[in-house]
Amino acid sequence: MASILDELAVIAAVNREDVLARDLMASPLLASDRVERFFCRGARNIGEAYHAGVENTAAEYMIFAHQDVYFPDGWHLALQQAIETLAQKGENWAVLGCFGITAEGVKGGHVWSSGLQRELKPAFQSPLEVCCLDELVLVVRRSSGVRFDRELPHFHLYGTDIVQIARAAGYTSFVIDAPVVHNSDQIFRLDQGYRQAYDYMYRKWQDDLPIKTLIGRISHDQKALRRVNRQAMSRYLRSFLPGRGGPNRGVDDPVALAKRLGFQ
């Protein structure tokens, strides 16, 4: 494969211009004129934002990224290597991500999370087939025809949904070793939008439940969501323990952080 840069499009839903400039736009990947880009503002849900991105780009590999993600220099080379490896294995894939989990509960990926204030780097063999991917970075192969659900409410659980959509269409999904900085603030509590997305997913995929996600599972057990919410609140309260100094925030210089971590 020649350089993959000519086959990439970066697509993001944006509601914070300062965060976009600090993180995603600071990425060397976005400095290349060879990479398409589309930023959607004011969308009612993630499906609306990402469908607009599909319609306004033409690249084969669509990178759907959070506005607070920083792609280290050379990130596209890790993506290219993973795609070539999957081609050699004859995998009919549709979706790739930077962090995910298998149906058996095995996690894979490589991410720095400012919200968690730690590097997430479980031991895994890349590429690893998964049942759920974290939404911070999702790479969708255009020619697969797999697309995000326009009706999924709000901005939650679409990393789980797109993997299930791909599976139902006969495609596989993988997490790859391509480290990024997720320069996020700490999440205090799962909001009402998460509940609505959860209920939608429950109805949509009820014949396939339980479905494992990175923070719990979607299941016929109606207490499952309350447990996930309690866990999120517990993490928030622990952030106020002595010496923690309150909730974690994104750093001002993700470039320096990526260099310190050895990502670039």
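How many bridges join S1 to strand S2 (residues 36–41)? The legends below take up this question and then visit other parts of the model, which is a predicted one.

**View 1. Strand S1 with its neighbours S2 and S3.** Six bridges join S1 to S2, and the two strands run parallel.

**View 2. Glu135 and its surroundings.** Here we step into the loop between strand S11 (132–133) and strand S12 (137–141), where Glu135 lies. Is Glu135 buried or exposed? Its relative accessibility is 17%, under the 20% cut-off, so Glu135 counts as buried. Leaving aside residues up to four places away in sequence, Glu135 touches Phe64, His66, His156, Leu157, Tyr158, Gly159 and Thr160.

**View 3. Helix H4 and what follows it.** H4 spans residues 158–168 and is mostly covered, with nine of its 11 residues buried. Those nine are Tyr158, Gly159, Thr160, Asp161, Ile162, Val163, Gln164, Ile165 and Ala166. Among them, Tyr158, Gly159 and Thr160 are also touched by Glu135. Just after the helix, look for Gly170, which takes a positive phi of about 90°.

**View 4. The second largest pocket.** This pocket has a volume of about 170 Å³. Its lining is made up of Thr102, Ala103, Glu104, Glu129, Val130, Cys131, Val163, Gln164, Arg167, Tyr171, Thr172 and Ser173. By residue type, the lining divides into five nonpolar, four polar and three charged. Which element gives the most to the lining? That is H4, with three residues. Strand S13 (172–175), like H4, supplies at least two residues.

**View 5. An open sheet of three strands.** The strands follow the order S7-S6-S11, and the pairing is antiparallel. At the edges are S7 (107–109) and S11, each of which pairs on one side only. Between strand S6 (residues 99–101) and S7 there are three bridges. As a landmark in this view, find Phe99, which stands opposite Gly109 in S7.

**View 6. An open sheet of four strands.** This time the order is S4-S14-S8-S9, and the pairing is mixed. Strand S4 (69–70) and strand S9 (118–120) stand at the edges, each with a single partner strand, so one side of each is left without a neighbour in the sheet. Strand S8 (residues 111–113) pairs with S9 in the antiparallel sense over three bridges. Within this part of the sheet, Ser113 stands opposite Arg118 in S9.

Key
Residues numbered from 1 in each chain as written. Predicted model: local features only at pLDDT ≥ 70, side-chain atom pairs only at ≥ 80, totals over all residues. Heavy atoms only, no water. Buried < 20%, exposed > 50% of the residue type's maximum accessible area, 1.4 Å probe, protein only. Contact = heavy atoms within 4.5 Å. 1 Å grid on protein atoms, 1.4 Å probe; cavity = no way out; pocket = protein on both sides within 12 Å on 5 of 7 lines; lining within 4 Å. Points joined across faces, edges and corners; volume = space filled by probe spheres on them. Nonpolar A, V, L, I, M, F, W, Y, C, P; charged D, E, K, R; others polar. Pairing = 2+ DSSP bridges.
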